[in-house]
Structures are given as C-alpha cells and as structure tokens.
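Please read them alongside the coordinates.

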Amino acid sequence: MSETVSSNQAQSLAAEGIAVQLRSNKKIMWEKFLQHKLAVVASIFLLLLATLCFLAPVIAPYEFDAIDLYNIRSAPSMKHLLGTDALGRDLLTRLLFGGRISITIGLTAALLGSFVGTVIGSSAGYFGGRIDNLLMRFTDLAYSIPTLPLIIVISSYSNTQAFGIVVIIGLFSWMQTARVVRGAILSVKENEYVTAARALGAKDRLIILRHVLPNISNSIIVGATLGVGNAIITESSLSFLGLGVSPPTPTWGNMLMDSQATMASQPWLTVFPGMAILLTVLCVNFIGDGLQDALDPTL
Amino acid sequence: MKTWKIAFTTVLLLTCVFGMVFAGGQKDAGAAQSADGGKKILYIAYDRELDLFNPFTSQMLCDLQHNVSEGLIITNDKNEFIPVLAKEIPTFENGGVVKNADGTYDMTWHLHEGVMWHDGVEFTAEDVQFTLDFVHNTPQVYNQSEYNKIIKSEVIDKYTIKFTWDDLYTFYPGIFEAMLPKHVLGHLSWEEIARYEPYNRGPEFIGTGPFMFKEWKSGEYIRIVRNPNYWRGPQYPLIDEMVWQFIPDQTARFNAMKSGAYHIGQIEATQVKNFNTKGLHVEMIPSNVFYHIDLNVTKEGGRPELFSDVRVRRALYSAIDRKAIVDQLLEGTVQIANSPIPPTSAYHNPNIKAAQYNPEEAKRLLAEAGWRDTNGDGILDKDGVKFSFTFMNRSGRADRIAIAQVVQAQLKALGIEVLMKEYEAAAWSERWRNSQWDAQVGGWFMSSDASLTNYYHTRDGKNGSNNFTGMGNPELDQLMLKADKTLDFNERKALLDRAQQILADEVVSMYLYYRDSPWVVSDSLVNFRGSGTNLGNWWNAYEWDLK
Amino acid sequence: MLKYVIRRTLQMIPLLFAISVVIFSIIQAAPGGPEGTLLDRGMFVDPAAIDAYRARLGVDQPVYIQYFKWVGAMLTGDMGISFQTQRPVLMMILERMPDTLRLMGLSFIVAAIIAIPLGVFSAVKQYSTFDFLATGASFIAIAMPVFWFGLMMQYFFSVKLQWLPVAGTMTVGVGGFMDKLKHILMPATVLSLHSIAGWSRYMRSSMLGVLNQDYIRTAHSKGLEKRTVISVHAVKNASIPVVSVMTLDIARLFSGAVITETIFGWPGIGRMFIQAMHARDYPLLMGIMMMGSTMVVVFNLIADVIYGWLDPRISYE
C-alpha cells in the first residue's frame with residue numbers, strides 16, 4: 001500500500017484514522033470507567049468531601065479559630081460532634097476548613113506533578129538524543145534544589161504561607177514522574193507498533209498520545225495517586241519542622257501534627273484527621289484503578 | 001464484592017494499628033539501671049546537641065559544660081551567686097571591693113589553693129587572667145560587653161587576682177562562670193582558640209570540675225566520667241558517669257522518660273498531667289523565664305499609630321485573659337506575671353498594680369482613645385486606619401504560637417484584627433533585631449542580678465541595646481541605671497520595685513506568666529536541687545547520688 | 001556504552017556548577033543570617049558583637065564574592081569551616097556518614113526485598129485476599145505521616161512493652177550486634193514502610209501492564225511454565241518504572257531522613273542539615289546539599305545504564 005500512495009497521503013490517512021479512533025475511544029473509556037463501580041463510588045465520595053470542605057465557611061458549625069479555653073480537648077459530644085482540640089476549637093469545623101488546603105495541596109501536586117512530569121518525561125524519552133539529555137539534566141537540577149530553604153524564601157516574601165506551600169509542593173513533585181515516564185518510554189518506543197506508526201509517518205504527538213502513553217499509563221496513574229497522599233503528608237511533615245501552614249489556619253497535616261503529643265490520651269484528635277487523609281488517599285487510588293482499566297489498551 | 005473486601009481489609013488493618021497503641025496496660029518502668037555492675041551511671045534525656053564545648057563561644061546554654069569547666073561562681077537553686085573556684089565573692093563588706101579616688105573600683109578575688117586541672121596542672125590566677133584576655137579579644141562571646149567594663153587586671157600572686165572596673169555594676173559577680181586552661185590553649189592565637197578542635201570537641205576540653213570529658217558521638221550523646229582527683233575531696237563526685245543523650249523531639253523525649261531508661265529530662269507543661277510512671281516524678285522548677293507580649297512602638301518598623309496611646313495598650317492588656325491561659329492552656333503549671341522579675345528573684349515585686357482581665361474596661365478605653373467601628377466591618381478604626389496588626393511568630397515554638405492564637409481570639413471579640421505570620425528562626429531574629437514587626441510573644445531569661453537596663457532602657461547606642469520595642473521612659477531610665485550601680489539590697493529593691501510598676505503602667509510589654517520548668521527526675525536521684533537560672537540544674541552535680 | 005558513560009560524566013561538571021549557583025542563591029535569599037544563633041540563649045546580646053561575628057564569618061561581603069570564595073576553596077577540595085561548630089565541613093559530614101548509611105541502607109534493602117515480591121505477587125494474584133491485604137496496608141502506610149507512625153511505635157514498643165530503646169544507635173558503653181539491632185529496628189521500619197508502599201504499587205501496576213502484553217500471553221500459551229514466564233520475562237520488563245523511582249531514592253540515602261532521625265535521636269545527616277539551615281550555617285549547608293546533588297546526578301546515570309540491561313533494545317546515543 002505504501003508503494004502506491006505518496007508519503008503525504010499516508011501521513012494524513014494515518015492521522016485521520018487516529019483521530020477517529022481517539023474519538024470513539026473516549027466513549028469506550030468512559031463506559032469502562034463507569035463499569036468500575038468502586039471508582040465511581042470513590043469519585044462521588046471525593047467530590048462530596050471536597051464540596052463539603054469548600055463550603056466550610058457556610059456549613060461549618062463554628063468558626064475555625066473560635067477558641068474556648070474552658071473546653072479544651074473535650075471528647076466528641078452532641079455540641080461538638082468530633083470533640084475539640086488543644087485550644088477548645090471544634091474539630092469538625094477545623095476538619096472541614098483543613099480539607100480545603102489539604103485537598104488543594106494533594107490534587108494540585110498530583111495533577112501538576114503528573115502533567116509536567118509526563119510532558120517532560122515523554123518528550124525526553126520519545127525524542128531521545130539532545131532533547132533527552134537537556135530535559136533530563138534539567139530534571140536533575142530541579143531534583144537537586146532543596147525544597148526546605150525554598151519554602152523559607154517563598155514564605156518570607158508572600159503573605160499567605162499556605163499558597164507558597166501549595167506552589168512549592170506542586171512545582172517540585174514532577175521530577176519522579178518525569179524519570180519514570182522517560183524510563184518506561186525508552187522501552188516502549190522500541191515496540192514494533194511504534195516503529196510501524198513512525199514508518200507510516202504519523203505525527204510524533206499522536207504517536208505519543210495513541211501508542212506510547214496508554215502503555216505506560218499504569219505508572220503515571222500510580223505516580224499521581226501516590227502523589228496525592230505524599231503531598232498531604234509532606235505538608236504535615238513541614239508542620240513537624242515548623243515550616244508548614246501556620247496556625248490558626250487548619251490543615252489535616254498540621255492537625256495531625258498538633259495531636260501527636262496527646263494521641264494516647266485523646267485519640268480522637270488524631271483519628272479524625274488521620275481518617276480524612278486515609279479516605280482521600282483511598283478514593284484517589286480507586287479512581288486511579290478505574291482510570292487504569294479505562295485507559296488500558298489491552299483490555 | 002470487591003468493594004467490601006478492600007474496605008474490610010483496610011478497616012481490619014487499621015484496627016490492628018490502633019489496637020497496638022491503645023490496648024493493654026503499661027509495664028512498670030523501673031528507672032534506668034547502670035549498664036555495668038556497680039558503676040553509677042546517670043542517663044540524661046537532653047533536648048539538644050551542643051555546638052561546641054568552649055563555654056564562651058558556644059551559642060547555647062552551658063549546663064553540660066559546667067560539670068567539666070568550673071568558674072569563679074555559679075548560681076544555686078535560690079538564684080544566688082555562690083563561689084566555686086573563688087573562696088568568696090568579693091563585696092564592700094568583706095573588703096573585696098574598694099572604691100578608688102578616680103571613681104573606678106578594684107575587686108579582688110581569692111582563689112582556692114591546690115585546685116588541679118584534669119591533667120594534674122594546678123589552677124592559678126594566671127588562668128583567670130588568660131580567660132579574661134580571651135573574652136576581651138573574642139567578639140562572639142555573647143556578653144563580652146560586660147567583661148569590657150573591666151579596664152585593668154592584675155595577678156597579685158598565684159591565688160589572687162585584682163580587676164579594676166570603670167564603674168560599679170551589680171552583674172560583676174555573675175561573670176566568669178567557666179575557666180579556660182592557659183597551659184593547654186596559651187600557645188594559640190585568640191582566633192585559633194575559637195577554632196581549636198581538640199578543645200571545642202573533646203580530648204583537650206579540661207576543667208577543674210567533678211567530671212571529665214570521655215566521649216562525644218556527634219549527633220547522639222556525650223559521656224563525662226568521674227574526676228577522681230576532684231578538689232572538694234576524694235568522696236566527690238558520687239556518680240561515676242553521666243550520659244547525655246540528645247533527644248530533640250518533645251514527644252519522643254516524653255516517651256523516653258516514660259520508658260524508664262533515663263534518670264532526668266525536661267518535658268512540656270502540657271505533658272505533666274499525663275506523666276505517671278513509677279520510679280520517676282515531675283519536679284516543677286521555678287525558672288527565671290518570663291513570658292510576655294511585646295508591642296512595637298518604634299517609628300521605624302513598629303505601629304505607633306496603633307500602640308503609641310497608653311490607653312490602647314492598657315485596653316489590650318485588659319482584654320487578655322491571663323488566668324485562662326495559665327489555668328487552662330498551661331494546665332496551671334505556671335504563675336501569672338505582672339512584671340519581668342520573677343518570684344525566684346529577691347527583687348520580685350508582688351504588689352504591682354497592673355491591668356487585670358476586664359473586657360468592658362478594654363472597650364471603654366478603646367472608645368475613649370477614639371477607636372470605633374465606623375464602617376461596620378466589625379473591625380475598629382480611627383482616621384481611616386483599621387485596628388489590625390500582625391503577630392510575628394517564630395516557627396516551631398508551639399507554646400508561644402498557642403498563646404498568640406488565644407490572644408488573637410480574645411482581641412477579635414473587641415473588634416481588633418490580629419493576623420499571624422510565622423518566620424523560621426534566623427529570619428525571625430533578623431526582623432526582631434531590626435524592629436520590623438508589630439507584636440510578638442517572647443520568653444526571656446531574667447539575669448540573676450535582675451538588671452532591666454538591656455531590655456527596657458531607651459536605646460541610645462550605649463544602653464538598652466536589646467530594647468527593640470521602642471520603650472523609652474526617662475524616669476524608668478534613671479531608675480534602672482541607678483539600680484545597676486546600687487549594691488545595697490534594700491536601696492536597690494526600692495528602685496527596682498518602682499521600675500517594675502512603671503513597666504506595668506507603660507504596658508509596652510504585657511507580662512503573661514513566669515515559667516516553671518517541668519523536669520522528670522528519677523526517685524533514685526539524690527540531692528538534685530534544680531535551678532531556674534541560665535546556668536542550669538547541674539550546679540551541685542558533685543553531690544548528686546544514685547541510690 | 002563506555003563512551004556514553006564518559007560523556008555523561010563530563011557533563012556532570014557544568015551541571016554541578018549550575019546546581020551550586022542555584023542552591024547558593026536560594027540559601028542566601030532566605031532572610032536572616034548566621035548571627036541569629038547568637039540570640040538563642042534568650043539573653044542580652046551586644047549588637048557590636050553581632051557585627052563582629054558577621055565580619056569574622058565573612059557574611060558581611062556581597063553574595064557573589066562569597067560564592068567565588070566558596071567555589072575557589074571547593075575546587076581545591078576545601079569544603080570550608082562550619083559557622084556553628086568551627087569544624088571542617090568535610091569532617092562533620094564524614095562523621096555522620098556511617099550511621100546515616102547504616103540506617104538508610106538497611107531500610108532501603110529491606111524495602112526492596114519486600115516491595116518487589118509484594119508487587120509481583122499482588123499483580124499475579126490480582127484481586128486475591130493477598131492482593132487486598134497488600135493494597136490496604138499500602139494505603140494506610142501512604143496516609144500515615146512518618147513522625148506519627150514513629151511516635152506511635154515508640155509508645156508501643158518502648159513505653160508499653162519496653163522491648164526497644166527510644167533513641168540512639170546503641171546503649172552507651174555497651175554496643176554489640178544485638179544491641180545495635182534493637183536500636184535500628186524502629187527507625188528502619190518507619191523508613192522502609194513508606195518505600196514498600198510506594199514501590200510495591202509501582203511494581204504491581206507495571207507488572208499488571210506487562211502481564212497483559214501479547215508476548216507474555218504468547219509465551220504462556222506456548223506452554224512455558226507460569227513461574228518461568230513471570231521471573232524471566234515479565235519482572236525484568238516491569239522493573240523499569242521501579243528502577244527509576246528506586247535510583248532516585250538511593251540518591252536520597254546520603255541525605256538522611258530528618259524526621260526519623262529527630263524522633264529516634266539518630267545521628268544522621270538529615271538532622272544536621274536542618275540544624276545548619278536554622279543556623280544559616282552556609283558552608284555546612286552547601287556541603288551537604290552539593291553531596292546530595294552529586295548523588296542524584298550519579299545515580300540517574302546509573303539508572304540509565306540499568307535500563308539498557310533490563311531492556312537491551314534501549315540504545316545509548
């Protein structure tokens with residue numbers, strides 16, 4: 001066939017075919033995702049949780065900084081459904097407000113991280129040579145930048161510490177994905193179907209999207225799901241070092257940090273934020289599973 | 001089915017994890033046993049690692065060093081200076097201090113005879129002279145300026161040295177808390193001494209103290225062992241060895257103390273209630289630390305438009321419920337403060353009239369000063385200025401940040417907006433020194449001589465060099481300077497009593513509480529008598545014993 | 001191949017220079033200076049003493065001069081003198097190395113030994129009880145901050161059961177293998193848990209991907225025993241993503257783990273780094289971070305070499 005048509009024609013044919021395929025694939029993917037019940041339940045739950053958190057100013061029973069020193073570390077009751085913290089603040093309220101930052105940090109880091117990481121990693125892996133070398137050395141450089149001093153610098157020049165932390169955790173979580181994607185692509189691009197598509201003259205962008213990325217989507221999705229948990233936990237670790245989101249603004253991370261001293265005597269202070277993080281991580285993972293099934297070209 | 005399986009296993013695992021922690025009773029913690037039979041080893045859970053041994057160039061409190069390197073004096077559990085290597089502290093009464101015709105003062109120290117450095121060389125007045133020379137020539141000694149007031153020194157004989165001071169100072173018995181060995185360091189330049197590894201880190205760190213250096217494992221522990229030739233007599237010290245283990249995290253240190261593996265360690269006020277381990281008890285050691293909130297009234301970096309009116313400052317103080325902070329937040333482990341001089345000092349004034357918690361009075365004062373909510377946004381304003389300021393918090397100082405949050409909430413009720421901004425240690429101290437802040441919660445050491453000048457004297461290049469709040473009251477300045485040069489107790493007490501009242505009236509610093517430090521101490525440790533000064537708890541370690 | 005390694009090694013020199021400029025700028029941009037520690041006594045400090053201190057350390061000079069001085073010394077192999085301790089930076093780093101590597105290395109090896117089989121079996125026996133247990137456990141591990149897990153272990157094993165010591169690398173003055181093992185057990189567990197969770201997830205998913213590939217199905221249908229198929233073909237091919245992640249983590253071994261070290265009083269590099277940062281101890285900070293960066297660069301090169309071994313089709317240009 002390639003003997004009878006010009007290369008230009010072949011290219012346009014190939015591209016057209018791919019475009020058609022992509023369109024129909026979207027529908028198939030969506031159906032596949034819906035088949036994954038757990039993923040659907042998790043998506044709905046996460047959406048609900050996020051909505052509740054972002055509606056916190058409206059629905060929260062108290063203000064997040066309403067201190068009551070004569071009612072500190074009280075156990076869950078009708079008045080305070082989840083109890084109160086070390087300064088007598090309502091834990092449920094703080095959990096809702098805290099979710100705004102924690103979910104933002106988690107999702108921003110995961111989305112930004114996997115997007116930037118995938119773009120850089122796949123370009124480097126697919127094109128190879130100079131581009132690969134340049135992009136990967138840039139990745140090495142970014143990986144070498146110490147985040148803790150950077151957080152000190154940024155938070156001293158911005159008024160909202162939370163913003164600086166979201167940005168830093170988000171901007172510095174792509175390197176691992178980039179290396180993973182590149183490594184996987186180095187192998188995948190040697191497969192026959194990629195070579196064939198190339199020989200047919202298909203556009204690079206389309207080859208990457210159609211033939212290469214679906215084959216490594218597993219790793220990208222795992223990276224993204226791990227990224228959500230990691231980012232939320234990183235914020236908590238920053239609080240441990242005194243560099244996290246500063247009080248009285250709550251995050252799940254700093255609530256967990258504040259509760260560490262009393263986790264044996266007042267366990268609810270620890271259990272609720274811990275459960276919130278765990279549930280988020282679980283949901284994101286199930287959604288990831290669903291996506292994986294949906295994207296997997298071999299199923 | 002899959003959903004249930006995953007949910008079920010996760011819950012199961014989670015139950016196991018939590019079960020681990022909350023189930024079961026606690027074993028009785030026997031206090032640490034000495035490692036090899038017969039030897040009495042004291043295990044200390046210490047909150048930080050030292051930077052270096054040299055007590056003059058170290059940037060940390062030197063409670064460890066004083067077990068090895070003794071000085072002319074130390075402070076005891078009653079906040080008094082007591083002689084160590086000196087026979088007595090020179091005063092006018094005992095003839096040790098004499099006024100000269102030119103207005104200078106001669107002070108003569110008589111040293112104990114036959115005191116040996118750990119290497120067997122005798123300690124003499126030459127070593128005192130050498131130590132003074134080192135401090136005079138080494139700018140990073142934190143209180144060098146105090147030593148700089150000694151304008152002349154003279155070794156009279158082997159056991160006598162005379163200092164000539166340019167004037168009379170109450171802090172004079174409070175310096176020379178350690179000694180440098182001339183025969184070890186004498187061949188080096190001053191700069192070389194500051195960098196001299198064998199002294200800073202170990203083998204050549206010698207003193208005349210009850211314990212000798214044995215080992216420093218970087219980042220982990222320091223060991224010091226019994227000095228068999230201690231000058232107080234062969235029976236001292238009673239303990240064979242001390243191990244200082246560095247456990248910086250407060251919860252980990254609390255766990256360490258509960259595990260019973262250590263004899264002594266500091267815990268937090270909020271942990272006191274939960275400490276009930278057999279064989280150990282908590283001692284509340286009154287310290288010289290006073291907690292307070294500073295308001296910045298300087299024109300350069302401060303908020304004079306808010307704080308320059310004394311009525312406003314008094315209103316803020318009246319709005320703070322100190323009793324709630326002390327009783328609830330700190331669980332009654334500390335005492336309410338009205339002045340910077342704590343009850344550990346003889347100069348503490350218990351009769352100060354200070355603003356007490358009274359939100360109504362606070363509202364009235366604010367209205368009187370012209371602060372009203374004219375635009376209905378819930379925040380007071382005056383001449384188009386919002387009553388809004390920022391607490392500068394130092395990151396990691398959880399106790400102070402908690403107080404700032406409480407004050408924030410209490411002031412919010414009055415229509416005052418308080419913002420919070422956290423700075424990491426070095427950034428914090430830069431802003432603090434440059435007065436680039438609005439308000440902050442501080443916890444400072446009051447020196448044993450209770451001199452207020454450095455903190456509160458008008459900053460004029462000579463005095464008040466640590467006054468970053470912009471405090472300036474001519475009467476107060478006079479009183480403090482006079483007090484610094486008055487050695488007679490009653491006369492000085494009258495001056496400082498008045499000074500403390502003026503500070504309470506000025507309310508540039510709002511005093512919150514005096515800290516009592518909770519120390520967990522083993523029941524088997526004998527003769528432990530904690531001291532709340534900056535020289536620490538180990539002042540009488542030579543007579544400690546483990547039973 | 002050798003040519004490739006040599007070329008990459010040569011490229012490291014300008015790269016590390018660039019990294020050093022970036023790092024130096026960042027730490028200098030952070031407000032505050034080393035004189036901040038002078039105030040840590042919470043007592044009076046003479047401002048003149050602060051100025052003298054700055055001058056003595058040379059931090060009163062412009063940043064670029066400080067940088068050139070640092071680079072100049074570095075090129076002659078001198079990493080400088082720490083501001084806080086007055087000791088050579090190289091000595092301070094080397095002193096902490098054995099304990100850092102012991103803890104980090106052990107947890108790395110344990111994690112690798114557990115995570116890879118865990119991931120492989122989870123994939124092979126997808127949706128089995130084993131898979132669910134492994135999945136549930138890794139979610140919990142991912143959702144648990146290190147400090148929280150560490151303190152909880154301490155509470156259980158040191159306070160309640162009194163089996164394991166809270167802090168340090170050994171009982172002072174005793175030592176011995178069993179004693180050291182008891183001390184390293186908790187910190188190593190804490191550190192490896194997170195790696196196990198992450199790596200096994202990567203391994204599982206990429207293994208699932210490979211198992212569904214045509215050639216594996218073919219190999220299987222050709223009658224090759226399932227075990228052989230898994231070990232020879234699939235695992236090797238599925239390891240590329242895990243290798244990418246693991247090599248980056250090896251590079252981190254040399255930088256220590258701040259939080260675990262803080263909680264278990266472990267004398268590692270991580271804690272030294274945090275202390276140096278709070279004290280703005282520029283020479284020590286630069287020393288630790290440049291070492292870390294060098295490791296990142298070196299191990300990424302090693303990763304690239306390993307790719308070629310795992311999949312011989314990958315070529316070196």
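This is a predicted model: local features need pLDDT of at least 70, side-chain atom pairs count only at pLDDT 80 or more; totals for chains, interfaces and linings use all residues.

**Notes on chains A, B and C**

1. Residues are numbered from 1 along each chain as its sequence is written, and chains are lettered from A and ligands numbered from 1 in the order in which they are written.

2. Chain B contains 16 helices and 21 strands (DSSP runs numbered from the N terminus: H or I of at least four residues for helices, E of at least two for strands). Its radius of gyration is 26 Å, close to the 24 Å that the globule rule gives for 547 residues, so chain B is as compact as a globular protein of that length. The radius is taken over C-alpha atoms, and the rule is 2.2 Å times the number of residues to the power 0.38. The C-alpha atoms of chain B fill a box of roughly 85 × 80 × 40 Å along the principal axes.

3. Chain C has twelve helices and zero strands. Its C-alpha trace spans about 85 × 60 × 35 Å along the principal axes. Of its 317 residues, 53% count as buried.

4. Among contacts in chain C between residues at least 6 apart in sequence, 70% join residues at least 24 apart; for chain B the figure is 69%. A contact here means C-beta atoms, placed from the backbone, within 7 Å.

5. The contact between chains C and A takes 53 residues from chain C and 45 residues from chain A. On the chain C side, α1(C) gives the largest share, nine residues. By class, that side has 38 nonpolar, eleven polar and four charged residues (nonpolar: Ala, Val, Leu, Ile, Met, Phe, Trp, Tyr, Cys and Pro; charged: Asp, Glu, Lys and Arg; polar: the others, Gly among them).

6. The contact between chains C and B takes 62 residues from chain C and 63 residues from chain B. Here α6(C) gives the most to the chain C side, with eight residues. That side divides into 31 nonpolar, 21 polar and ten charged residues.

7. In chain A, 21 of the 28 residues of α12(A) are buried.

Notes: Two residues are in contact if their C-beta atoms, placed from the backbone, lie within 7 Å. A residue is buried if 20 or more other C-beta atoms lie within 10 Å of its own, exposed if 12 or fewer, and partly exposed in between; C-beta atoms are placed from the backbone.
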